[in-house]
Amino acid sequence: MSLAALWGLFLAAFAAATLLPAQSELALAGLLAAGHKPVWLFIAVATAGNTLGAAVNWLLGRACPRLPNRSWVPGSKKSMDKAASWYRRYGRWSLLLSWAPIIGDPLTLAAGLLREPFASFILIVGLAKLGRYLLVAGAALHWLA
């Protein structure tokens, strides 16, 4: 295990959770395929980075209520509107989909816009992100066996 691998995974996971286009599942799977251990540490680092990246979206939503209407914001207005609609309908439990492609990042932004308390936000999002990385690691290790 190298510190550079951990930082690289953390940064990939962080970027993947923001509105930037990035991929962290391949980074985790690649490190596991290369035989890096301990597996739990890589899952924890990816989860922490991805959860903190989602927290950036929450902060942006909280601080910038007009953000989804900006032309420079990645993600379409349609995906932002859909996320806000889901969030209004299902409340904080919609954050269990924060790991999902396309809708996950806008959901975390919507949570900030709609004033979800940070404690419940970070707990639900952290559990959702952990679940995703457990599945990715399990699948990667299964394919390697």
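**Figure 1. The crossing of helices α3 and α5 is right-handed.** The model shown here is predicted. Helix α3 covers residues 39–63 and helix α5 covers residues 104–113. Two packed helices are described by the angle between their axes and the distance between the axes. For α3 and α5 the angle is about 45 degrees, and the axes lie 6 Å apart.

**Figure 2. Residues that form the contact of α3 with α5.** From α3, the contact takes in Ala54, Asn57, Trp58, Leu60, Gly61 and Arg62. Helix α5 contributes Asp105, Thr108, Leu109, Ala111, Gly112 and Leu113. By residue class, six of these contact residues are nonpolar, four are polar and two are charged. An α-helix has 3.6 residues a turn, so residues three or four places apart point the same way.

**Figure 3. Helix α5 is mostly covered.** Of the 10 residues in α5, nine are buried. The buried set consists of Gly104, Asp105, Pro106, Leu107, Thr108, Leu109, Ala110, Ala111 and Gly112. Asp105, Thr108, Leu109, Ala111 and Gly112 also belong to the contact with α3. Just after the helix, Arg115 has a positive phi of about 65 degrees.

Figure 4. Is Ala16 buried or exposed? Its relative accessibility is 16%, and because the cut-off for buried is under 20%, Ala16 counts as buried. Leaving aside neighbours within four places in sequence, Ala16 is in contact with Ala22, Gln23, Ser24, Asn50 and Asp105. Of these partners, Asp105 is also one of the buried residues of α5 and takes part in the contact of α5 with α3. Between Ala16 and Gly49 the C-alpha to C-alpha distance is 8.9 Å, while the two are 33 residues apart in sequence.

**Figure 5. The whole protein chain, for orientation, has six helices and zero strands.** From the N terminus on, the order of elements is α-α-α-α-α-α. The chain has 145 residues, and 45% of them are buried. Among contacts with a separation of 6 or more, 73% join residues 24 or more positions apart. The accessible surface is about 7900 Å², and carbon and sulfur atoms account for 70% of this surface.

Technical notes. Residues are numbered from 1 along each chain as its sequence is written. This is a predicted model: local features need pLDDT of at least 70, side-chain atom pairs count only at pLDDT 80 or more; totals for chains, interfaces and linings use all residues. Side-chain values use heavy atoms; hydrogens and water are left out. Helices (H or I, at least four residues) and strands (E, at least two) are DSSP runs, numbered from the N terminus. Buried means under 20% relative accessible area, exposed over 50%, partly exposed in between (1.4 Å probe, protein chains only). Contact means heavy atoms within 4.5 Å. Accessible areas come from the Shrake-Rupley method with a 1.4 Å probe; for residues, only the protein chains shown count as cover. Axes are lines fitted to C-alpha atoms, for helices over the stretch in contact, and angles run from 0 to 180 degrees between N-to-C directions. A crossing is left-handed if the near helix is turned anticlockwise from the far one by less than a right angle, and right-handed if clockwise. Ala, Val, Leu, Ile, Met, Phe, Trp, Tyr, Cys and Pro count as nonpolar, Asp, Glu, Lys and Arg as charged, and the others, Gly among them, as polar.
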